[in-house]
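Dear colleague,

Please find the structure below, handed over for your use. My findings follow directly after it.

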Amino acid sequence: MAGLTRALMLTLVLGLLPLSATALERQVVLIAHPTVANTSLTRDTTRAIFAMRQRSWPDGQAVRVFVLPNDHPVHARFAKERLSVYPHQLQLAWDRMVFSGTGQAPSQVNTQSEMLERVATTPGALGYLEREYLDERVQVITMD
């Protein structure tokens, strides 16, 4: 009986490994242009940057924020999981700034491939994408 239990557990664990690898690839990560000096941000600082309340990196370099469309599933996951806000809350903050003349909305890209390209080629850029889209042209920014 113990052998059967062990075999069943091993089958379950091995069956979950591909799912775990897929889940890791689908993890949404924060990315920045390779010249950005900061490699880590707090959740509050990241939220302030994406809400367009903080317009520069802690070292003073201007931040260029890129986002996916509000209805993109990766945008929704990033907002909820990483920033702990709903996408419509970000949109309201951006609209308020634009309509009051006190700021501007982030630059919108249509796909994760476009996000990668724009962040990789724009000094001071910050964005996000699923880990599977990463390459050596950008750096991952960790969140504390």
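This is a predicted model: local features need pLDDT of at least 70, side-chain atom pairs count only at pLDDT 80 or more; totals for chains, interfaces and linings use all residues.

Leucine 30 has isoleucine 141 as its bridge partner in E6, and alanine 32 is partnered there by glutamine 139. Residues are numbered from 1 along each chain as its sequence is written, and side-chain values use heavy atoms, with hydrogens and water left out.

Strand E1 (residues 28–32) and strand E6 (residues 139–143) are antiparallel to each other, with 3 bridges; two strands pair if DSSP finds at least two bridges between them. Helices (H or I, at least four residues) and strands (E, at least two) are DSSP runs, numbered from the N terminus. Helix H3 (residues 73–83) packs on the sheet and touches E1, strand E3 (64–67), E5 and E6, its direction making about 90° with that of E1. Helix H5 (residues 112–121) also packs on the sheet, where it touches E1, E3 and E5; its direction makes about 150° with that of E5. For these angles, axes are lines fitted to C-alpha atoms, for helices over the stretch in contact, and the values run from 0 to 180 degrees between N-to-C directions. Contact means heavy atoms within 4.5 Å.

E6 also pairs with E2, in the parallel sense over 2 bridges, and methionine 143 of E6 is the bridge partner of leucine 41. Buried means under 20% relative accessible area, exposed over 50%, and partly exposed in between (1.4 Å probe, protein chains only).

The open sheet of 6 strands has the order E2-E6-E1-E5-E3-E4, with mixed pairing. Its edge strands, each pairing on one side only, are strand E2 (40–41) and strand E4 (107–108).

Within strand E5 (residues 125–130) lies glycine 127, which counts as buried because its relative accessibility is 0%. Leaving aside neighbours within four places in sequence, glycine 127 is in contact with Val29, Leu30, Ile31, Phe50, Phe66, Met115 and Val119.

For the protein overall, there are 5 helices and 6 strands, running α-β-β-α-β-α-α-β-α-β-β from the N terminus on. Of its 144 residues, 39% are buried.

Yours sincerely
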